[in-house]
Amino acid sequence: MILFATQALGGNSDTLRSRAEKKGLFIGGAMRLYKETLDDPKYFETFKNEFNVIVPEHVMKFDATHSSEKTYDFSGGDLIVDFANHNSMKVRGHTLVWHEAVPPWVNQYKYSRRKLKAILHDHILSVVTHFKSKLLCWDVVNEAIGEDGKISREGIWPRIDKGKHLGDYIKNAYRWAHQADPDVLLFYNDYGTEEINKKSDGVYNFIKDLKKEGVPIHGVGFQVHISYNEPLNEESIRENFKRFSDLGLLLHITEMDVGIPKDVPLTPPVLEQQAEQYRKVFGACLATPLCQAFLTWGITDKYTWINQVTDMTAPLLLDEFYLPKPAYRVVKSLLD
Ligand code: GLA
């Protein structure tokens, strides 16, 4: 089976990774460290053959690294960094400030603004210092802007800021991360921002202001969690990517997956439609001067968050047997 799948992926010589490296690009996926994947050598073999950048699916988030006020645990992140170093790959750090993956000791206790700010400061300094010089970049802030383009009040962290100062916690997060590791690239990451719309306008204007104020921010991540049949306006994506690139920001596609409802049979036309979504987004990235990385949220349909959390399935480039899908071939042909 392993031999067959390796052949089906084209052996070691002609892979997504080999093609991306010829173009100076990063191609990768989110790595899951659960028993199911740890017991599956094919998973890690595929990562190192096909990809050159990894983002941890869970192990660098707040709840995984900082489960009580005085307890830090970097073991999962260290494993991923070791695996990456061993195989000449890079790691995207994900993520320092997000309204999800916040442990109960932070969420359930009513702290003062000052104390909450101190907790976030300590978290960012400790985590970024631990991984200093080991990462390509950090998603410092994840999903802080709402559909209306305004800074969201969702979750615990915006409580640090009073009324019209909403957003200061974000600026400080970038400053603190930069102090801890002045060489690591700092990103803002969000979903629903690939086209020009209210939300991407909000992200664009916010980052533009941060840059004007001298806040250290170097890149923007587009998650791109979408479905196989949602309309995607390719021209709007290209224009949108261009405006961010014109600000001098690096662009990463950080979490792309293209779900198919579980009740839709995975016929060739459906899989082609899925591949077409990948073509539009990856094509736009390749057409954008500062777009340097393309990552999917997982690498095989065998392990994907959407199976548990949504009514969709089969969102990735490789099927559950690690065999390439039409989407894989499209991404590969764009790297020709
Ligand atoms: C968001 C987060 C990711 C991951 C995905 C899917 O996009 O940024 O870390 O949790 O949702 O679960």
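Predicted model: local features only at pLDDT ≥ 70, side-chain atom pairs only at ≥ 80, totals over all residues.
Modeller: Residues are numbered from 1 along each chain as its sequence is written, and side-chain values use heavy atoms, with hydrogens and water left out.

Biologist: Which residues surround the ligand?

Modeller: By class, the shell holds three nonpolar, four polar and three charged residues. Here Ala, Val, Leu, Ile, Met, Phe, Trp, Tyr, Cys and Pro count as nonpolar, Asp, Glu, Lys and Arg as charged, and the others, Gly among them, as polar. The surrounding residues are Lys 61, His 94, Trp 98, Asn 142, Glu 143, Gln 223, His 225, Glu 255, Trp 297 and Trp 305.

Biologist: How far from an oxygen atom of the ligand does a polar side-chain atom of Glu 255 lie?

Modeller: A polar contact is a pair of N or O atoms within 3.5 Å. For His 94 the distance from a polar side-chain atom to a ligand oxygen is 2.6 Å, and for an N or O atom in the side chain of Gln 223 it is 2.7 Å. For Glu 255 the value is 2.5 Å.

Biologist: What is the volume of the largest pocket?

Modeller: On a 1 Å grid over the protein atoms alone, a pocket is an open set of points with protein on both sides within 12 Å along at least five of seven lines, and lining residues have an atom within 4 Å of a point. The ligand sits in the largest pocket, a term requiring that more than half of its atoms lie within 2 Å of the grid points. The lining comprises 22 residues, with Lys 61, Trp 98, Glu 100, Trp 297 and Trp 305 nearest the centre. Taken as the space filled by probe spheres set on the points, the volume is about 490 Å³.

Biologist: What volume has the largest cavity?

Modeller: A cavity is a set of points where a 1.4 Å probe fits but cannot get out. The whole structure contains four cavities of 30 Å³ or more. Among the residues lining the largest cavity are Trp 98, Asn 142 and Glu 143. Its volume is about 80 Å³.

How values were computed. Near = heavy atom within 4 Å. Polar contact = N/O pair within 3.5 Å; in protein donor to acceptor, adjacent residues only side chain to side chain.
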